[in-house]
Amino acid sequence: MPMRLSGLMSGMDTESIISQLVEAKKTKVTKAVKAQKTLKYKQDAWKPLNTQIKNFYLKTLSNMRYKGSFVKKTTKVSNSSIVSVITGESAMNGVQSLKVNQLARSGYLTGGKMELIPGAEKRDENGEIISDKVTADTKLSELGFDLSGSTGTINVQSADGLTPIKVDGSTTVGSFVSALKSAGLNANFDAANERIYVTSKGSGAANEFEITAGDSSGRAALEKLGLSYGTGAENSIASKKEKLFKSLKELADSDSGLEADLRNKKLEVKDGSGNSHEVSVYDFLADQASTSPQWTVDDIDDSDILGIVRDVQIYANDNKASISGDLKTKLDAWVEDAVDVVQDMRRFAETKKTAAADAEIELNGATYTSTSNSFNINGLTLTVNSTTAPGEEVTITTQDDTDGIYDMIKNFFKEYNTMINQMDKLYNADSAKGYEPLTDEEKEAMSDSAIEEWENKIKESILRKDSSLGNAIIHPAFPQPLTKPGVCTAISINRPAMTSLRWHCSAFLPVPFPWLQI
């Protein structure tokens with residue numbers, strides 16, 4: 001430990017002199033720190049007050065500048081679950097009747113579930129299947145679209161116009177969805193359900209869309225993507241079934257054993273009049289191969305075809321020793337084609353297209369349509385939420401909103417008085433003379449509660465007799481608190497700002513409101 005002998009040679013107490021010089025310098029720093037804290041307290045006190053004044057001026061006071069604020073109307077409806085109404089200034093008082101015939105909707109296409117062909121599954125290094133799900137990276141070739149490298153065309157008609165999309169076996173599900181988006185549609189691939197969902201970007205008939213095949217390859221691609229719908233898709237399925245039955249007829253004619261087997265199998269069919277008949281499978285096949293078929297293929301569903309597939313497989317298996325290898329190969333190929341047709345049929349059945357439509361209402365017997373569910377009619381904005389039941393009408397009643405005008409004026413006085421009282425409270429706060437912001441050294445000698453009480457005392461009086469606040473209070477725009485809404489010009493004010501107040505009030509209330517009471 002060093003030893004210091006202060007003033008040993010000079011006889012002066014240099015230690016004391018140095019301490020006094022340091023203390024004097026420290027005092028200046030302490031004053032600056034306290035002044036900085038005082039300014040911070042004052043800024044914090046002004047922030048909420050400035051916000052309060054600004055909001056009053058830009059919202060409450062500004063709203064009362066316009067004549068329209070005192071010409072309020074309100075509309076009530078007998079069934080708010082069907083329609084909601086916003087009342088404009090030009091709305092006419094009266095009672096009206098409303099029927100909602102139809103809501104606006106967007107065009108919506110729910111795709112059928114896609115399936116991987118055998119061998120397209122993802123496998124591990126040991127050849128074990130780890131996933132048989134369709135993903136965004138799945139190629140059309142893995143869905144069964146294989147036309148020897150040919151390119152198909154799919155046409156998209158949307159509100160943006162006609163857009164052709166080229167596809168081939170290497171086109172992925174994800175890239176096709178992106179192409180639909182570029183064509184002006186909302187589209188999404190749902191990996192969990194292995195389906196594509198498509199909708200128009202807007203509601204109403206003008207935003208309807210169609211996805212159609214531009215050629216046979218495009219049709220095949222749509223079928224594998226589960227997006228084949230409508231008359232074209234239905235005709236394509238019927239054509240495939242007819243081709244399938246004709247090819248089986250040719251195979252049966254080439255093998256007497258198969259023909260005999262199919263003559264023993266029964267199938268329920270319908271004629272052109274819708275009457276049901278039970279015939280042998282072979283007779284049905286022969287009918288389809290004729291130039292004028294008696295039975296229709298439309299009512300032959302997937303279970304009927306799978307039943308024939310089982311019969312063919314059983315025959316081929318039971319007679320594998322006697323039938324030729326060529327016939328066995330052809331029967332196996334026919335079974336694959338039949339299963340493929342069944343999958344197309346099921347995807348077609350799952351694919352659902354909802355057409356876009358305009359909303360339609362009847363107001364007082366007149367019919368109106370809109371691309372959205374909102375209507376602007378004679379000062380009223382009607383938003384319909386559901387259709388009315390047959391024979392049901394919704395009553396719409398429009399009248400003067402005296403309660404709304406009353407609440408607006410009452411709220412003005414309430415906010416104004418709250419603001420003035422707050423300013424007066426801050427300006428005339430109790431004196432905090434002798435209280436200064438605490439330094440860190442001073443806080444160390446005090447408890448937390450004592451520090452909080454000390455600082456609150458300073459903050460509560462920080463704007464006491466503040467010159468800026470004083471100038472704001474005596475400004476003509478801020479007279480003393482108002483107590484009688486509706487009689488501004490009769491207020492007795494002991495200030496020079498009375499003339500200004502009268503001018504402001506005449507702007508707020510251009511006509512007397514004798515019904516207004518507080």
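User: Why are helix 4 and helix 8 called roughly antiparallel?

Analyst: In this predicted model, the axes of helix 4 (230-253) and helix 8 (325-350) come within 10 Å and cross at roughly 160°. Axes are lines fitted to C-alpha atoms, for helices over the stretch in contact, and angles run from 0 to 180 degrees between N-to-C directions. Angles under 35 degrees count as roughly parallel, over 145 as roughly antiparallel, 65 to 115 as roughly perpendicular and the rest as oblique. Helix 4 and helix 8 are therefore roughly antiparallel to each other. Helices (H or I, at least four residues) and strands (E, at least two) are DSSP runs, numbered from the N terminus.

User: What is the handedness of the crossing of helix 4 and helix 8?

Analyst: Helix 4 passes helix 8 in a left-handed crossing.

User: On what basis do the residue numbers and the values rest?

Analyst: Residues are numbered from 1 along each chain as its sequence is written, and side-chain values use heavy atoms, with hydrogens and water left out. As the model is predicted, local features need pLDDT of at least 70 and side-chain atom pairs count only at pLDDT 80 or more, while totals for chains, interfaces and linings use all residues.

User: What makes a space a cavity, and how many of 30 Å³ or more does the structure hold?

Analyst: On a 1 Å grid over the protein atoms alone, a cavity is a set of points where a 1.4 Å probe fits but cannot get out, whereas a pocket is an open set with protein on both sides within 12 Å along at least five of seven lines; lining residues have an atom within 4 Å of a point. The structure holds one cavity of 30 Å³ or more. The largest cavity has a volume of about 50 Å³, a volume being the space filled by probe spheres set on the points, which are joined across faces, edges and corners. Helix 3, helix 4 and helix 8 each give two or more residues to the lining of the largest cavity, and helix 8 gives the most, with three residues.

User: Which residues are closest to the centre of the largest pocket?

Analyst: The largest pocket has a volume of about 560 Å³. Of its 23 lining residues, the closest to the centre are Lys 240, Lys 243, Asp 337, Asp 340 and Val 341. By class, this lining has eight nonpolar, five polar and ten charged residues; Ala, Val, Leu, Ile, Met, Phe, Trp, Tyr, Cys and Pro count as nonpolar, Asp, Glu, Lys and Arg as charged, and the others, Gly among them, as polar.

User: Why is Met 419 called buried?

Analyst: Met 419 lies in helix 9 (residues 402-427) and has a relative accessible area of 0%. Buried means under 20% relative accessible area, exposed over 50%, and partly exposed in between (1.4 Å probe, protein chains only). Met 419 is therefore buried.

User: Why are Asn 364 and Asn 378 called partly exposed?

Analyst: Asn 364 has a relative accessible area of 45% and Asn 378 one of 49%, so both are partly exposed. Asn 364 is in the loop between strand 15 (359-363) and strand 16 (366-370), with a positive phi of about 55° although it is not a glycine. Asn 378 is in the loop between strand 17 (374-377) and strand 18 (380-384), and its phi is near 50°, a positive value.

Conventions
A crossing is left-handed if the near helix is turned anticlockwise from the far one by less than a right angle, and right-handed if clockwise.
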